[in-house]
Amino acid sequence: MNATMVVPQLVKILRTLVTTGYSTEHSISGVSDPFLQVRILRLLRILGRNHEESSETMNDLLAQVATNTDTSRNAGSAVLFETVLTIMDIRSAPGLRVLAVNILGRFLLNNDKNIRYVALTSLLRMVQSDHSAVQRHRPTVVECLREPDASLSRRALELSLALVNSSNVRAMTQELQSFLESCPPDLRADCASGILLAAERFAPTKRWHIDTILRVLTTAGIYVRDDAVANLTQLIGEAQELHAYSVRRLYSALAEDISQQPLVQVAAWCIGEYGDLLLEGSCEETEPLQVEEEEVLALLEKVLQSHVSQPATRGYALTALMKLSTRLRGDSNRIRQVVSIYGSCLDVELQQRAVEYNTLFQKYDHMRAAILEKMPLVERGGSQVDGEAKESKEAQLSETALVSTEPQASKLLDLLDLLDGTSGDAQPPPPLDPSPGGALVHLLDLPGAPLPPPSIPNLRVFEREGLQLNLSFVRPSGTPTLLLIMVTATNTSGADVTHFICQAAVPKSFQLQLQAPSGDTLPAQGGLPVTQLLRILNPNKAPLRLKLRLTYNHFGQSVQEIFEVNNLPVETWQ
């Protein structure tokens with residue numbers, strides 16, 4: 001018996017239940033046999049999925065159930081919610097889907113926390129296909145952010161972030177920033193990251209974008225993603241007309257609070273790059289600010305000496321002082337003295353940088369102005385391998401690289417029982433041949449031989465609900481046994497993918513090293529991808545087998561996928 005024959009009979013039974021009922025003894029709180037209604041609705045949902053004729057047959061009935069069911073009791077709410085789920089899953093009419101969204105909107109006003117949670121979860125699932133209908137309930141969703149229940153406020157936050165678009169970005173960002181100031185600590189990281197992603201996608205102007213990021217860094221700087229500092233420095237660098245405005249805003253924020261480390265890092269970078277603009281005349285877009293050279297130097301020294309400053313933050317401050325030695329008109333002896341002190345610092349990275357700077361002062365002072373000139377703009381886009389090479393090239397003078405990239409020993413994954421008991425727990429492969437030279441070579445950043453353009457075809461290895469995973473390959477000519485795999489994850493769905501983790505395993509005859517990923521959040525509708533570099537050493541040039549494990553949250557659900565990639569191009573190992 002096919003669906004075309006069964007659906008009319010089920011529709012007839014359910015219509016009788018709704019209008020007259022079978023018997024009063026099965027009624028609960030005025031709802032005629034809600035258990036049977038729920039069972040019928042679930043069966044209709046299965047039969048109507050991807051079936052146009054069956055969906056058309058049940059449309060009128062679903063509308064009748066949705067409008068006539070009493071929701072003052074839990075039994076009615078259960079039937080109504082099951083009706084909404086059926087409308088969502090079948091090929092229902094547009095007007096019926098709007099009705100379903102409106103029912104969920106009414107659920108948000110219910111006194112029962114469980115019903116409100118169910119409504120928020122269902123709206124989050126529908127936001128991709130019925131964005132405009134869900135958008136009408138935005139004020140109610142925003143109100144749910146203030147829920148004392150942590151699970152409700154988290155769901156409301158996820159839905160609020162999914163509702164942000166170019167037309168409401170100013171109002172929604174203001175609401176989210178207000179929530180960020182008072183939200184529980186366990187929600188601050190998600191809220192801060194969501195605001196930054198929304199601002200990056202929908203910012204109406206560059207100045208608004210900069211102001212938004214600064215407010216997030218000021219309010220919850222310790223909770224932001226690792227790439228927030230690099231993104232803001234890139235944004236400020238591209239907005240040449242806002243250099244004076246940005247350096248003044250950041251200097252004022254730094255003078256008020258040096259505890260928010262990402263904010264301090266961006267401020268130190270900006271002062272180092274554009275300190276001369278800070279000391280010039282007033283900026284029309286900010287309040288008058290009179291700053292003396294001694295005040296700027298004293299503030300950076302305060303950052304260096306503060307016990308709350310992380311080693312990376314001290315690196316930003318030290319490099320900013322060094323750059324100011326070529327931008328300030330006064331005597332640079334004070335800067336020279338500070339730099340020489342850190343030549344014996346216990347932190348190896350900071351000590352190395354200080355020794356390099358001292359070498360500039362003592363032996364190559366005639367080259368100091370040229371070496372410490374302003375950083376050129378970094379072009380967005382390009383191949384991932386080129387991006388890696390460009391990032392490493394800027395590392396010596398850009399504060400975004402002051403934290404040394406240690407071998408990611410903790411990232412060498414041992415995925416138990418994968419690949420028949422093999423794992424990628426071998427030692428990391430040797431690094432590519434570095435450019436020769438000492439400390440001054442690091443400062444001058446003499447480029448090594450560039451990697452050849454990739455000639456191996458890319459490979460798509462995973463696709464589910466808008467989430468895609470692609471692999472691109474490069475085999476450096478100088479190390480034929482080394483394979484670089486760039487893993488690129490993209491998200492074209494209507495909901496963000498959060499807490500994204502990609503793990504890998506290879507047979508024991510290989511050596512695997514995973515670099516840190518560029519992030520753990522994939523914005524909806526084709527936002528910035530997440531990339532991760534795998535370095536695989538294949539000394540025997542054996543056929544490569546790769547096993548991947550993906551874990552992430554999508555549409556409010558936790559997902560884990562484990563799969564093997566055994567169709568890698570032969571060029572990756574021959």
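This is a predicted model: local features need pLDDT of at least 70, side-chain atom pairs count only at pLDDT 80 or more; totals for chains, interfaces and linings use all residues.
How many bridges join strand β4 to β5, and in which sense do the two strands run?

1. Strand β4 (residues 467-474) is joined to β5 by eight bridges, and the two run antiparallel; strands here are DSSP runs of E with at least two residues, numbered from the N terminus, and two strands pair if DSSP finds at least two bridges between them. Within this pairing, L471 stands opposite V487 of β5.

2. Residues are numbered from 1 along each chain as its sequence is written, and side-chain values use heavy atoms, with hydrogens and water left out.

3. β5 also pairs with strand β8 (residues 530-537), again over eight bridges and in the antiparallel sense, and here L484 has R535 of β8 as its bridge partner.

4. Three aromatic pairs are found in a search of the whole structure, a pair being rings of Phe, Tyr or Trp (its six-membered ring) with centres within 6.5 Å. One of them, F462 with F563, is stacked (planes under 30 degrees apart), at 5.5 Å centre to centre and 10° between the planes. Because F462 lies in strand β3 (residues 459-464) and F563 in strand β10 (residues 557-565), this pair ties together parts that are 101 residues apart in sequence. Both F462 and F563 are buried.

Notes
Rings of Phe, Tyr and Trp (its six-membered ring) pair if their centres lie within 6.5 Å; planes under 30 degrees apart count as stacked, over 60 as edge-to-face and the rest as tilted. Helices (H or I, at least four residues) and strands (E, at least two) are DSSP runs, numbered from the N terminus. Buried means under 20% relative accessible area, exposed over 50%, partly exposed in between (1.4 Å probe, protein chains only).
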